[in-house]
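Q: I'm new to this one and would like a short walk through it. Can we look at it together?

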Amino acid sequence: MRKIVTLCLMLLTGAATLGGAEIRTKAEPESIDLNDSFQYQLNIINGKLAETPSLPKGSYTIGRLSSGFQSYNLYGRESFIQTYSWSITPTQGGRITIPAFQVKTDDGATHKTRAVSVTVRSAQPWDPRFFMELTPPKETIYPQQTFTLTLNIYAARMPGRMTSDDPFPKTQRGAPVWPTLTIPWLSGPKGFKASDYNEYLNALKPQTFKGFTINNVSGGFFGQTKAKFPLTRKAINRKGPDGVTRDYLVYTLSRTMMAAEFGSYTFPGVTAKNYILYPDRDPPYKEIFVCTPPFSVRVIPPPEENRPATYTGGIGNFSITTKATPTKVNVGTPISLEIHFQGRGNLATIAPLVLSDQEAFAPFKVYDDPQVGDLNNPAARKKVYIYKIRPTTDTVTEIPRVAFSFFEPVKETYQTVYSEPIPLSVKKSEGVGDATIVTQNNTSPRKKEGQELKSTGRGIQADHSSLNALVSQTPFTPLGPPLIWLGLLPALLYAATAVFVTWHRKAHGDPLKKRAREAGARARRKMAAARKAIRSNDAAACYSHLGACLKGYIADRLGLSEHGVTNAQIRDCLAGKDQSEETIASVLALLEQCDAARFSSTAPTAAAMQQEQAKAEQCLTALRKAL
Amino acid sequence: MKIFALLSTILLASLFPVPISAADITADRAARFQAALTQAREAQTREALEGAIQNFQSLIDEGIVNGHLYYNLGNAYYRLDDLGYAILNWRRAQSLCPGDADIERNLAFGRSERREQFKPPDSQQVLNLLFFWHQWPATTRYWLALSALALFWCLLLTRLFVRKALLTLSSILCLALALALAVSTFLSFHDRNQHPPAVLVAPQTHVYRGNSTTYEEVFTEPVHAGAEVKIIENRDGWLRIAFPNGENGWVREMDPLGQPVIVEI
C-alpha cells in the first residue's frame with residue numbers, strides 16, 4: 001500500500017521526469033487526540049540528504065526516527081525516494097505546527113521544507129461524573145530517592161440496582177466498554193528508574209473481558225486484542241469537581257519510581273477517553289475525554305550543608321569493609337588495603353576516599369590514588385578500591401577504621417559508616433631510618449669516583465617567582481607582525497626591486513640612448529680641447545676640435561654617424577626637429593668656417609679663434625635646448 | 001599616495017609594537033602573588049595549598065593571562081595531588097609560553113605520572129614518522145615557515161643580479177619547505193578550532209559509547225584524571241571526546257556533584 005501511495009505521488013508530481021530533487025512533507029493523521037502520536041514524514045524524491053535531518057523543537061516530543069529508501073523503474077526511467085519518518089507526540093492541544101526547516105541534499109543544494117500542521121483535540125479537565133486525580137511527588141527530589149505516583153480514577157456510581165456495577169456501557173453483545181487510559185510515563189520516563197514494565201503490567205492481572213485499556217497494551221494469547229486492567233476499586237462519597245457530593249467508585253493505579261539522573265523533568269498528563277454511563281440521558285451514556293494536569297520534578301544534588309569531608313558522591317545506602325595484606329610488616333613496607341563498598345545506590349560513581357585526610361591514618365604514608373578492584377561490578381552491588389599504605393612507625397598496632405559518608409535519600413541526611421580496624425604487627429626496619437624508607441622509593445648505593453651522575457627524573461620544577469607573571473600576554477595569533485615582516489615585506493621588496501631592475505635594464509640597455517645621454521659630456525671635452533688649442537695658438541687643432549664638438553654633439557643626439565655626416569644631413573635633421581632657420585644657418589656657417597680655417601694658408605689670430613669658440617659655445621647651448 | 005601613507009603607517013606600527021603595559025602589576029596583586037608563592041612553597045596541609053590555588057586563580061579571574069601564572073597554578077595543583085588540573089594548567093601555560101623549558105619539563109613529568117598512557121595507533125605512528133615536522137610545536141612551525149618564505153624572497157632577489165643554478169635550486173627548496181610548514185601549521189590551527197583540546201579533571205571518568213549511561217563503556221576501567229583528549233561533539237550535557245589512541249566516547253560535562261569532569265584548554 002505504501003509503495004502504491006509513493007508511486008502515485010511520484011506520478012502526480014512528475015518528479016520522476018525532472019532532474020532535481022524534490023522535498024515533500026506530510027503528517028498522518030492530520031487530526032489526533034492529546035497524548036496520541038502522529039507520523040511526520042519527509043520524502044526526498046530523486047535525491048538524497050547529505051546528513052540525517054533534525055526536526056525543529058516545538059510543543060511536541062520527537063520520538064523515534066525511521067528511514068527508508070525505495071527505487072522504481074517507470075517505463076525505463078529510474079526514480080527513487082528517500083524517506084525519513086518521525087513519531088511526534090504533541091504536549092498540548094490545539095493546532096500544532098512543525099515549522100519549515102532547511103535540508104541539504106548530497107548535490108550541495110539547499111531546500112526548504114513545507115510547514116505542516118496537525119489538529120490536536122484538547123481534553124477536558126474533568127466531567128462531573130468522571131475525573132482523575134494524580135498524586136505527584138515533591139517538586140525537588142534527590143537521586144536514588146523513590147516516590148510513588150498514584151492515579152485515582154473517579155467514576156460516579158449509577159443509581160438503583162446498577163449501583164454496584166462499574167458505570168461503563170456495554171456493547172450490544174454485552175461486552176463492557178471501559179475508558180482507555182494513556183499514561184505517558186508508565187513505562188519509566190528518561191532520568192528515572194522503575195521496575196520492568198511488562199512485569200508491572202502482569203502484576204496488574206490483565207484480563208480480556210473488562211477493565212481499563214492502558215497505553216494500548218495488547219492482550220490475549222496471540223496479542224490480537226487489547227489487554228484490560230480491572231484496577232482495584234473502592235466506593236466513596238465525596239464532593240465532585242463541580243461541588244456536588246456523589247457516590248463514586250475509585251479505581252487506583254500506582255507506580256513506584258526512582259530518580260536516576262539530575263535534571264528537570266516534566267510528566268505529561270494522563271488522558272482517559274471513551275464512554276461512561278449517564279443516568280437520565282438518552283442514550284444513557286456520554287463520551288468523555290478528560291486529562292490530569294502535567295507536573296514537573298527537579299532532581300537535585302545532595303545539599304552542601306552538613307556535607308561530611310568523607311563524602312565522595314555516594315547516594316543510597318552503603319556499608320564498608322576493609323581487608324589488608326600483609327598484616328605483619330616492617331616500617332615502610334607497603335600494605336595493600338582493600339576498601340569494599342556494598343549496598344544500593346550509585347556505586348559506579350562513588351569516587352575514591354582521600355585516606356590521607358582521615359586523621360586516624362596519620363601514622364601511615366597513604367598513596368591516595370587507588371586502583372579499582374576486580375570486584376567493581378555494579379550488578380554485584382559492590383565496588384572495591386585498593387590503596388597502598390606504608391606504616392611510618394613501629395608504634396602502629398592496627399590499620400584504623402575507615403570512615404565513609406553517603407547521602408541517604410530516604411532520610412534525606414548524610415550518614416557516615418565505618419569499617420572495622422585491622423590488627424597490624426609492625427617491626428622496626430634494620431639499617432635504614434624509617435623516614436627514609438617511607439619518603440624515598442629508591443635508596444641509591446654510594447657513588448663511585450668518576451661515575452656519571454644520573455637524573456632521578458622525580459619532582460617538578462620550581463614556581464616562577466618574577467612579577468612578570470602578572471603582566472598579561474597576548475595569546476599567539478598567526479595574523480600578527482611576523483606575518484607582515486617575514487611574509488609580506490620581503491615579497492613587496494622583491495616586487496619593487498624587480499620592477500626597478502626591469503626598468504633600469506630597459507632604460508640603459510640601448511647604445512643609441514646611452515650615446516645621446518653622453519653627448520653633452522663629449523662635447524664639453526672637445527670644447528675644452530679647443531680652448532687648450534687656442535691657448536697654444538694651434539689654429540688647426542682649435543678649428544678641428546670646434547667642428548668635431550658641434551658635429552659630434554649633433555650626431556650623438558640624433559643617432560647619426562659622426563664621421564660620415566654631411567652638412568646637408570645636419571640641415572635636414574635639425575629642420576626635422578623644428579629648429580629655427582637662424583640656428584641652422586649659424587651652425588652650418590660655423591661648421592663651414594671651421595673646415596675652411598683648418599686648411600687656410602693664413603693663420604688666424606688668437607682673438608679670432610676665441611670669437612669662433614664663443615660662437616661655437618652659443619650654438620652648442622642652442623642645440624642643447626633644442627635637441 | 002594615501003594608500004602608500006597607510007601602508008607605511010601599518011609597517012611602522014608593526015615595527016614598533018606597543019610594549020606590554022606593566023600597569024597590570026599593582027601592589028595588591030603583587031602581594032597576593034607573593035603570598036600564593038609562599039603558601040605553595042611552604043604548605044604543609046591541603047588547606048594551605050588550596051589557599052595558594054585560590055590566590056593564583058583569583059589573579060587569573062581578574063583577567064591576567066600569563067603562562068607563568070598558569071604554570072604556578074599547575075604546580076600548586078600537582079602538589080595537591082590533582083594531576084588533572086595540573087596538566088590542564090601546564091597545557092595552558094605551554095600555549096602561552098611555547099618552548100619554556102620549565103613548563104615542558106613539568107608537563108612531561110605530569111604526563112609520565114598519569115595512570116593511563118594512550119599509545120597512538122600504528123597508522124598514526126607511520127604518519128608521524130613521515131610528517132615528522134607536524135609533531136613540532138605549532139608556533140615553531142609558524143616561525144620556520146615564515147623564515148623559509150622570507151629566505152625564498154631574498155634568494156629570488158639575489159637571483160635578479162646573480163644568475164646561478166644553485167640560487168634557483170635553493171629558492172625552490174625554501175618555497176617547498178615554507179609550503180610544507182605552512183600547511184602543517186594551518187592544519188594544526190584548524191584542528192584546534194574544530195576539535196578543541198581538553199583534559200579530564202575528574203578523579204575517575206566513565207566513558208560510554210553513547211550520550212547516556214545506558215550505553216556500554218568504552219574502556220574496562222574508568223579513565224583517571226589527566227588524560228588529554230579532543231572534544232568532537234557536545235550534546236545535552238554530554239561531550240564526545242577522542243583519545244590519542246584513536247578511541248572515542250561520551251562523558252558527562254559535569255559529575256553528579258556539579259563539578260566539571262572535563263575542561264577545555
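Q: At what angle do the axes of helix α9 and helix α10 of chain A cross?
A: This is a predicted model. In it, the axes of α9 (residues 581-598) and α10 (residues 606-626) of chain A cross at roughly 140° and come within 10 Å. That makes α9(A) oblique to α10(A).

Q: Is that crossing left-handed or right-handed?
A: The crossing of α9(A) and α10(A) is left-handed.

Q: Which residues of α9(A) meet α10(A)?
A: From α9(A) they are T583(A), S586(A), V587(A), L590(A) and Q593(A). Their partners in α10(A) include E612(A), K615(A) and C619(A). By class, this contact has 6 nonpolar, 3 polar and 2 charged residues.

Q: And how do α6(A) and α10(A) run relative to each other, roughly parallel or roughly antiparallel?
A: The axes of α6(A), residues 519-535, and α10(A) cross at roughly 170°, so the two helices are roughly antiparallel.

Q: What residues in α6(A) meet α10(A)?
A: Among them are G520(A), A523(A), M527(A) and I534(A), and the α10(A) side includes M609(A), Q613(A) and L620(A).

Q: Changing topic: how many residues of chain B are in contact with chain A?
A: 59 residues of chain B are in contact with 56 of chain A. The two chains bury about 5,200 Å² between them, with 64% of that on carbon and sulfur atoms.

Q: How many salt bridges are there between chain B and chain A?
A: The count is 1. R79(B) pairs with D463(A) in a salt bridge, and the closest N and O atoms are 3.4 Å apart.

Terms used. Residues are numbered from 1 along each chain as its sequence is written. Chains are lettered from A and ligands numbered from 1 in the order in which they are written. This is a predicted model: local features need pLDDT of at least 70, side-chain atom pairs count only at pLDDT 80 or more; totals for chains, interfaces and linings use all residues. Side-chain values use heavy atoms; hydrogens and water are left out. Axes are lines fitted to C-alpha atoms, for helices over the stretch in contact, and angles run from 0 to 180 degrees between N-to-C directions. Helices (H or I, at least four residues) and strands (E, at least two) are DSSP runs, numbered from the N terminus. Angles under 35 degrees count as roughly parallel, over 145 as roughly antiparallel, 65 to 115 as roughly perpendicular and the rest as oblique. A crossing is left-handed if the near helix is turned anticlockwise from the far one by less than a right angle, and right-handed if clockwise. Contact means heavy atoms within 4.5 Å. Ala, Val, Leu, Ile, Met, Phe, Trp, Tyr, Cys and Pro count as nonpolar, Asp, Glu, Lys and Arg as charged, and the others, Gly among them, as polar. Buried area is the accessible area (1.4 Å probe) that two parts lose on being put together, summed over both. A salt bridge is a side-chain nitrogen of Lys or Arg within 4 Å of a carboxyl oxygen of Asp or Glu.
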